[in-house]
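Reader: I want to learn how to read charged pairs and helix faces in a model. Where do we start?

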Amino acid sequence: MRLFEKQHFGRCLLCCLLSLACLQAKSELAQASDLPSLNKLAVSCFRSNESESCLKGLVMSEYLQKKAEKRKRFPCQTRLLGLGSDLILSQMQKGDVETGMKMLGEVNENCVGF
């Protein structure tokens, strides 16, 4: 296989795996009590950089920020978007635990009732 074909195949495989992980995470959302579950996933992600926790936390934060937008809870939505960025950085092992935990605290303050 030529180099280009290998790279293309690798990217397609990665997209498929991410899609499957997102579907699994979305099915778990229906069973989760939103904010407490997000807290567990985010803390796990920040402390261990565990890819699965980070991805599930990202999917859940995205779900919650859309919910916040529909309810016009913009301070909550903004913090959830920031948390999503911190989760991505942590997954890439580029994030700072302290910064992520601070944003998680702000999410909890601004998203009461989620």
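Author: Start with the cut-off. A salt bridge is a side-chain nitrogen of Lys or Arg within 4 Å of a carboxyl oxygen of Asp or Glu. Keep in mind that this is a predicted model.

Reader: How does that apply to R79 and E106?

Author: Their side chains meet in a salt bridge, at 3.3 Å from N to O. R79 lies in helix α4, residues 74-91, and E106 in helix α5, residues 97-110, so the pair ties together parts that are 27 residues apart in sequence.

Reader: How many salt bridges does a search of the whole structure find?

Author: The search finds 3. One of them joins the side chains of D34 and K67, at 2.8 Å from N to O. D34 sits in helix α2, residues 34-48, while K67 sits in helix α3, residues 51-70.

Reader: Why does D34 count as buried?

Author: Buried means under 20% relative accessible area. D34 counts as buried because its value is 10%.

Reader: Which residue forms a salt bridge with K56?

Author: The partner is E52, with the closest N and O atoms 2.8 Å apart. K56 is buried, at 15% relative accessible area, whereas E52 is partly exposed, at 46%.

Reader: Now helix faces. What span does α5 reach?

Author: Compare the span with the expected value. α5 has 14 residues and reaches 20 Å from its first C-alpha to its last. That is close to the 20 Å expected at 1.5 Å a residue.

Reader: Which residues in α5 are buried?

Author: They are G100, M103, L104 and V107. Look down the axis of α5: its buried residues fall within an arc of 105°, so they line one face of the helix. On the other side of α5, E98, K102 and E109 are exposed.

Reader: What covers the buried residues of α5?

Author: The cover includes α2 and α4.

How values were computed:
Residues numbered from 1 in each chain as written. Predicted model: local features only at pLDDT ≥ 70, side-chain atom pairs only at ≥ 80, totals over all residues. Heavy atoms only, no water. Helix = DSSP H or I, 4+ residues; strand = E, 2+ residues; numbered from the N terminus. Buried < 20%, exposed > 50% of the residue type's maximum accessible area, 1.4 Å probe, protein only. Expected span 1.5 Å × (residues − 1). Arc of directions from axis to C-beta. Contact = heavy atoms within 4.5 Å.
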